Amino acid sequence: MDKKNEVRVSHGKPHTVYVGASKEILKETGSVELHGLGEANSNVVRAAEMLCSLGYAELDKFETFSVSEPDRNQTLRIRNKVVIKLRRGPNFDKAYNDFKVSKATKVTEN
């Protein structure tokens with residue numbers, strides 16, 4: 001998969017940050033991969049679920065892995081990794097435009 005379609009999700013930011021980034025990638029390329037490691041896995045699943053339920057995307061593939069990586073003491077630790085591949089949903093353009101209109105309306109009201 002091309003790196004420009006990849007979103008590396010962290011645990012430190014809310015999942016909505018990754019929803020916004022994923023929407024822009026879906027608009028440009030038509031597909032996106034959300035990658036999470038360890039505690040970030042919940043954010044990956046939440047972001048993907050939100051994109052699918054709002055009509056921006058459809059699930060293409062859901063993969064889980066166990067990866068070994070050394071910690072600070074060079075001891076190998078096994079961590080879980082999740083990769084969710086999404087493709088643009090049939091209602092993407094409508095959902096994207098409706099959100100833009102909604103956001104513009106909120107800005108003019110304030």
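What follows is a working chat about one predicted model.

Biologist: What should I know before reading this model?
Modeller: It is predicted, so local features need pLDDT of at least 70 and side-chain atom pairs count only at pLDDT 80 or more, while totals for chains, interfaces and linings use all residues. Residues are numbered from 1 along each chain as its sequence is written, and side-chain values use heavy atoms, with hydrogens and water left out.

Biologist: What is the strand order in the sheet?
Modeller: The order is 1-2-4-3, in an open sheet of four strands with mixed pairing. Strands here are DSSP runs of E, at least two residues, and helices are runs of H or I, at least four, numbered from the N terminus. Two strands pair if DSSP finds at least two bridges between them.

Biologist: Which strands stand at the edges?
Modeller: Strand 1 and strand 3 (57-70); each has a single partner strand, so one side of each is left without a neighbour in the sheet.

Biologist: How does strand 2 run against strand 1, parallel or antiparallel?
Modeller: Parallel, with four bridges joining strand 2 to strand 1 (residues 6-9). E6 has E33 as its bridge partner in strand 2, and V7 has L34.

Biologist: And against strand 4, parallel or antiparallel?
Modeller: Antiparallel, through seven bridges to strand 4 (residues 76-88). There, E33 is partnered with K85.

Biologist: Why is strand 2 largely enclosed?
Modeller: Six of the seven residues of strand 2 (residues 31-37) are buried, so the rest of the structure largely encloses it. Buried means under 20% relative accessible area, with a 1.4 Å probe and protein chains only.

Biologist: Switching to the core. Which residues touch the most other members?
Modeller: V7, L34 and L86, out of 20 residues in the largest nonpolar core. Such a core is a set of buried Ala, Val, Leu, Ile, Met, Phe, Trp, Tyr and Cys residues joined through side-chain atoms within 4.5 Å. Two or more residues come from each of strand 1, helix 1, strand 2, helix 2, strand 4 and helix 3 (92-109).

Biologist: What does L34 touch?
Modeller: Not counting residues up to four places away in sequence, its contacts include V7, V44, A47 and L86. Contact means heavy atoms within 4.5 Å.

Biologist: What does the UniProt record annotate on residues 5-52?
Modeller: The unreviewed entry has "domain: DNA/RNA-binding protein Alba-like" there; UniProt annotations may be inferred rather than shown by experiment. In the model, that span is 56% helix and 23% strand, and its end C-alpha atoms lie 17 Å apart.

Terms used:
Buried means under 20% relative accessible area, exposed over 50%, partly exposed in between (1.4 Å probe, protein chains only).
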